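Have the sequence and the structure open as you read.

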Amino acid sequence: MSPRPEEAAMRKEVVDRIETVIKELWPTADVQIFGSFSTGLYLPTSDIDLVVFGKWECPPLQQLEQALRKHNVAEPFSIKVLDKATVPIIKLTDQETEVKVDISFNVETGVKAAFFIKDYTRRYPVLPYMIFVLKQFLLQRDLNEVFTGGISSYSLILMVISFLQLHPRIDASNPNINLGILLIEFFELYGRHFNYLKTGIRVKNGGAYMAKEDMMKVMTNGYRPSMLCIEDPLMPGNDVGRSSYGAMQVQQVFDYAYIVLSHAMSPLARSYPNKDIDSALGRIIKVTQEVIDYREWIMTKWGGRHLARMESQGSLLDQDPAGCVLGVGVEEQRDSVSPHSADSPMSLSSPHQHSSASSVSSLSGSDNDSDSTPPALPLYPFQALGMTLPLGLALGKAGINQHHLIMSPGSQ
């Protein structure tokens with residue numbers, strides 16, 4: 001599920017194209033990436049979030065929209081200016097890659113949140129693995145966006161951080177802990193035991209559960225705590241889960257996942273395996289053929305450019321300490337390199353590393369694979385669940401409509 005270097009290279013080209021247009025308009029403007037592309041926690045169909053910093057009395061949305069149309073950067077009918085939104089943005093779809101992009105002006109909170117998340121991925125090497133799986137799980141059920149009733153990526157990440165901080169038995173900073181057990185226990189906590197009515201989540205200062213009455217005292221603008229109440233560690237008066245009106249649906253699918261995976265791990269299930277299911281994790285996560293095709297298209301188109309760039313920087317082995325040989329299992333990689341070290345495939349500062357685990361991606365971006373037959377497939381790090389995820393798992397396809405990725409409740 002993690003991003004491949006070719007996918008990062010393709011997205012970087014999209015950012016460069018847009019930045020060129022912006023710099024032509026305002027040479028002193030500063031363009032920064034935030035969101036999942038910045039943290040490396042993006043799925044193949046994830047958006048790219050950009051923020052432009054400059055000196056304007058009001059955001060020059062229309063001016064940038066006209067420039068983007070003039071340079072044919074975006075698909076003609078995809079550019080939308082949302083100037084009445086809480087945070088005014090321009091939405092567009094890149095013409096060449098079909099990647100969706102959101103552009104805002106002078107908003108610092110997203111950049112700060114990206115630094116915050118990167119810090120926690122260094123503290124908890126297991127965090128990215130859980131985020132990729134959980135993002136894909138929610139994406140399939142159309143619960144990965146606030147406006148559809150789901151929860152935001154930021155809410156999900158804070159829930160995982162809180163779970164790891166407050167785990168009573170396991171030191172979650174250990175990079176070699178059992179990821180399968182952690183996943184099942186995450187579903188058990190938020191699907192069965194967490195008291196959504198009375199309890200809020202706090203991540204700062206080591207993490208804690210808070211009574212909602214106490215959290216309400218610091219809420220801004222007279223807001224009452226929401227059903228899924230998560231204190232924003234960067235803005236303590238802000239409830240991150242406030243807009244997630246479908247939080248109880250998320251709780252229900254987490255409970256469903258706990259039941260399914262617990263059954264899959266039972267001695268009875270091992271004695272009578274289901275021949276129709278590839279793995280235990282495959283019982284709750286599926287990947288569409290469109291995503292696989294989309295990743296193949298990206299690998300075909302950007303693979304050559306990526307290899308040429310790597311060769312110009314040195315040998316493949318020098319550039320890929322994380323293990324670019326596809327036969328290497330992820331567990332072996334985790335022993336040798338943290339997923340967010342400078343040499344990691346998830347590190348944006350080093351987008352040209354190969355990840356043997358790379359396969360599926362997130363809710364708003366791009367996704368790629370090779371058009372040749374995939375080589376030997378590595379193990380995904382859920383060995384405790386007896387799971388092996390094929391490298392071909394992915395999300396997206398050039399021109400794909402996000403709703404094609406959604407599974408109906410009956411097929412879950």
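## A loop residue

Val 287 sits in the loop between helix H10 (267-271) and helix H11 (289-313). Helices here are DSSP runs of H or I with at least four residues, strands are runs of E with at least two, and both are numbered from the N terminus. Val 287 counts as buried because its relative accessibility is 18%; the cut-offs are under 20% for buried, over 50% for exposed and partly exposed in between, with a 1.4 Å probe and protein chains only. Val 287 and Met 1 are 286 residues apart in sequence, yet their C-alpha atoms are 9.9 Å apart in space.

A word on the basis: this is a predicted model, in which local features need pLDDT of at least 70 and side-chain atom pairs count only at pLDDT 80 or more, while totals for chains, interfaces and linings use all residues. Residues are numbered from 1 along each chain as its sequence is written, and side-chain values use heavy atoms, leaving out hydrogens and water.

## The sheet

Five strands form an open sheet in the order E1-E2-E5-E4-E3, with mixed pairing; two strands pair if DSSP finds at least two bridges between them. E1 and strand E3 (80-82) are the edge strands, each with a single partner, so one side of each has no neighbour in the sheet.

Strand E2 (residues 48-53) has six of its six residues buried. Ile 48, Leu 50 and Val 52 are on one side, with Asp 49, Val 51 and Phe 53 on the other. E2 runs antiparallel to strand E1 (residues 30-34), joined by five bridges; Gln 32 has Val 51 as its bridge partner in E2. With strand E5 (residues 100-105), E2 pairs in the parallel sense, again over five bridges, and Asp 49 has Asp 102 as its partner in E5.

## The H5-H6 crossing

The axes of helix H5 (residues 127-140) and helix H6 (residues 153-165) come within 10 Å and cross at roughly 135°. Axes are lines fitted to C-alpha atoms, for helices over the stretch in contact, and angles run from 0 to 180 degrees between N-to-C directions. H5 and H6 are therefore oblique to each other, given that under 35 degrees counts as roughly parallel, over 145 as roughly antiparallel, 65 to 115 as roughly perpendicular and the rest as oblique.

Contact means heavy atoms within 4.5 Å. Among the residues making it are Leu 127 and Met 130 of H5, and Leu 156 and Ile 157 of H6.
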